[in-house]
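Dear colleague,

I am passing on the structure below, together with some notes on contacts and charged pairs.

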Amino acid sequence: MTKNFKGLTESEVIASRERNGSNTLEREKSKGIFIKFLENLSDPIIRVLMIAVLLEIIFTLGRCNWLEVGGIIAAVIIATAVSTVSEHGSERAFLKMREESENARATVIREGNAADVPVSDIVVGDLLAVSAGQTVAADGVIIYGKISVDQSALNGESREVRKQPSGRTEGGLDSENSVFRGAIVTGGEAVIRVTSVGKETYYGMVARDIQAQTRESPLKRRLSELAKSISKLGYLMAAIVGISYLFFTVIHENGYDPILIGKMLRSGREMIGILTHALTLMITVVVVAVPEGLPMMITVVLSANMKRMLNDSVMVKKLVGIETAGSMNLLFTDKTGTLTEGHPSVERIITASGSYKSLAALGCEPYALRWLGISAKEGVSSVSGIGGNSTDRAFSEFFRDAETEAIAIASRVEFSSERKFSSLELLTGESLIKGAPDILLGSCVYALDKNGKKLAFDKERIMREYRSAAMTGERVIAVIMRDGNGDSIFISLVVMKDKLRRDAKRSVERLRAAGIQTVMITGDGRETASAIATECGILKGGYGKIITHGELERMSDAEIKAILPELRVIARALPTDKSRLVRIAQEADLVVGMTGDGINDAPALKLADVGFAMGSGTDIAKGAGDIIILNNSLSAICSTVLYGRTIFKSIRKFISFQLMMNLVACGVSLIGQFIGVENPITIIQMLWINIIMDTLGGLAFAGEAPLEYYMMEPPKARNEKILSRDMLNQIFITGGYTLLLCIAFLRIDFFSSLFRPSPDSACFLTGFYCLFIFSGIFNCFNARSERMSLFSNICKNRGFLAIMLLIATIQIVMIYFGGEIFRSVPLSFRELLNVILLSISVIPFDMVRRIAKKLS
């Protein structure tokens with residue numbers, strides 16, 4: 001094939017590369033790990049923390065507690081670093097997958113010789129030699145040979161297209177002589193003159209179009225709202241603490257005497273000291289109010305679940321995509337390969353005389369067998385033996401052992417989604433036409449009997465057979481012949497079945513139970529699409545709308561938005577329908593998921609809130625998606641939804657716990673000064689509490705197991721706030737009780753009598769430190785469980801028990817070995833037991849709260 005072609009010289013290759021560029025695709029600029037680290041610092045909660053720390057440093061003129069500041073900065077850096085490394089590792093895994101495909105090689109003709117070169121080395125003007133089984137590596141025109149190509153990855157049409165030299169100059173995927181990067185050669189051999197490489201190819205232009213950023217994820221939006229709420233609450237509490245301190249110091253301690261008050265106000269240095277201390281207290285309250293452990297916890301829970309999900313054949317490219325999947329309330333899914341196995345097979349052949357389930361049975365109709373054999377074998381290249389689309393391959397496989405004579409073909413018309421049929425014109429004068437029954441059967445006048453003679457066509461019976469098959473989800477193609485007189489003669493219906501995946505029906509039911517509307521997008525006709533959607537449960541009880549591409553095209557965006565809640569199937573769909581549907585659904589404020597595998601699917605995958613790229617799909621589709629479904633299964637998408645919901649619940653549980661702790665800490669700081677206890681908890685103690693309760697507490701909640709009953713709950717609205725009514729109820733009531741317990745402990749003499757006398761009340765204050773820690777541990781159990789039983793499903797998160805035990809052990813060690821640094825002295829067994837018994841009271845209190853809430 002190559003001996004008559006010269007091709008480019010080495011100098012021409014270099015010149016072409018300088019002039020037109022190399023055959024590499026334009027990618028989204030890969031950000032270095034340091035740039036990603038800086039971007040992740042823009043997390044809303046992290047911003048609030050950093051602003052609070054900065055204010056503390058500025059307004060205390062550098063006299064802040066550097067241990068506390070250092071602890072917060074360390075927590076921020078660790079959380080951001082873990083998030084950055086996790087996403088970077090996931091991206092590297094994906095890039096490795098893509099590099100493996102880009103390392104492919106191609107055959108070019110240069111200086112009269114065939115050379116095997118990397119795909120990236122191809123230049124404009126090169127002569128590219130292709131044969132069956134290869135993927136076209138650049139756009140170009142055929143100058144020699146004939147090939148059949150599968151362009152489904154480019155245009156979504158799973159039909160083989162014939163390509164050959166032609167004098168026509170029209171472009172586009174339907175051009176007779178043009179081939180495009182990403183198309184698969186299914187038969188024949190050809191030499192292609194390369195006209196476009198890299199980003200200028202059709203493939204490259206799609207890759208460039210998907211670089212745009214998508215809208216903010218639901219989690220980031222919710223965290224931004226939470227950061228605003230916490231900031232406002234922190235500022236309010238800081239103002240109350242500052243004003244209260246000034247009132248207590250300036251007015252109360254001066255016995256409300258106007259003369260003494262005036263004298264203090266006029267004392268410059270003393271008043272500056274008081275104002276500075278008040279400002280320090282206010283900033284401390286703001287810092288304490290922010291759950292600084294939250295960024296770390298979110299990072300840990302996303303990263304940990306990302307690794308678990310690989311076991312369920314799910315590769316996560318963007319960590320936030322997991323939680324977004326949990327918030328999804330609308331999923332657009334392909335049919336082939338996701339709901340069905342993607343490998344249709346011929347179930348039966350229906351002729352004018354009967355129905356046959358095997359080639360041997362069809363042998364009693366030799367004339368029908370002859371024409372069907374010719375039609376089937378011309379649908380797949382005899383050179384490759386593997387070519388054609390899945391329908392053609394199934395048709396060919398059925399007739400593989402049929403003995404048919406070689407027959408000369410005068411011309412052919414390829415299938416297109418507009419025509420919905422293909423045809424072969426034979427040199428003997430007949431034409432064989434294969435395509436959609438609703439298009440072809442109307443023209444038939446005759447049919448063939450068993451002896452090959454024409455008889456009147458019983459259209460009514462054949463249409464009944466067609467509708468019956470289509471209504472059960474079977475794919476039906478009609479084969480007809482036009483004789484030399486121009487009469488259309490019915491040969492047969494070929495009935496095929498692409499069986500549902502075993503998990504499809506259950507997966508659709510799980511999604512429905514989870515409140516997620518599933519819409520099937522398929523190129524099949526209305527009847528077949530309806531039958532498959534009914535079989536897998538998307539259409540249930542006669543409810544749901546089916547519309548075709550034509551109907552969709554005629555509808556305005558407002559009309560589509562109106563029927564969106566009832567929409568279940570898009571039949572005869574084109575790739576352009578996907579992006580439009582995603583955009584309209586997002587305008588309705590829905591959280592939209594989209595599956596896809598082709599180059600043409602990439603824009604919709606990128607636009608969707610969460611794009612599920614199939615593992616068998618193209619590199620561009622995988623690049624555009626947020627999550628890669630390695631086994632192409634809808635059940636893996638269900639698993640992703642479950643993990644997403646588990647993550648969001650874990651985040652909420654941790655926030656409930658953190659805000660309860662912060663409420664107690666702020667309350668004790670505020671009220672302590674009015675009851676004569678200026679520092680009930682020291683700065684070092686508070687820093688230690690933050691380290692063990694935030695970091696270890698975050699790890700404890702990060703291990704929560706995905707529970708199936710989460711899939712029975714409705715999805716969260718995109719604008720739903722993280723702080724729910726139930727959470728606020730627990731934070732303020734149980735947190736309020738914990739605060740009152742702490743204040744009562746400090747104020748009521750009975751509690752101080754439980755401890756032996758010691759200098760500076762060290763034993764009593766150590767007991768208070770333990771009360772604060774242990775009540776926090778028991779509130780972890782309160783925050784963790786949504787059910788009446790605190791130990792519900794606890795065995796599925798054994799790490800939680802281990803971490804709570806670790807925190808308790810660390811605290812006990814601090815009591816006995818903390819010394820002056822932690823302002824602690826050893827407690828007797830009885831004293832420690834008393835503190836623990838007081839602390840555990842938060843559990844029955846919260847139980848009463850739950851019961852009261854349930855009864856109300």
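Leaving aside residues up to four places away in sequence, Asn719 touches Arg221 and Asp589, where contact means heavy atoms within 4.5 Å. Asn719 is placed in the loop between α25 (683-702) and α26 (725-747), the helices here being DSSP runs (H or I, at least four residues; strands are E runs of at least two) numbered from the N terminus. Although Asn719 and Arg221 are 498 residues apart along the chain, their C-alpha atoms are separated by 7.7 Å. Asn719 counts as partly exposed because its relative accessibility is 48%, on a scale where buried means under 20% relative accessible area, exposed over 50% and partly exposed in between (1.4 Å probe, protein chains only).

Please bear in mind that this is a predicted model, in which local features need pLDDT of at least 70 and side-chain atom pairs count only at pLDDT 80 or more, while totals for chains, interfaces and linings use all residues. Residues are numbered from 1 along each chain as its sequence is written, and side-chain values use heavy atoms, with hydrogens and water left out.

Turning to the charged pairs, a search of the whole structure finds 35 salt bridges, each defined as a side-chain nitrogen of Lys or Arg within 4 Å of a carboxyl oxygen of Asp or Glu.

In one of them, Lys561 pairs with Glu587, with 3.4 Å between the closest N and O atoms. This pair links distant parts of the chain, since Lys561 lies in helix α20 (residues 557-563) and Glu587 in helix α21 (residues 576-587), 26 residues apart. Lys561 is partly exposed, with a relative accessible area of 32%, and Glu587 likewise counts as partly exposed, at 44% relative accessibility.

Glu587 also forms a salt bridge with Arg583, the closest N and O atoms being 3.3 Å apart. Here both residues, Arg583 and Glu587, belong to helix α21 and are 4 residues apart, about one turn of the helix. Arg583 is partly exposed, with a relative accessible area of 32%.

A further salt bridge joins the side chains of Arg400 and Asp401, at 3.9 Å from N to O. Arg400 counts as exposed because its relative accessibility is 53%, and Asp401 counts as exposed at 60%.
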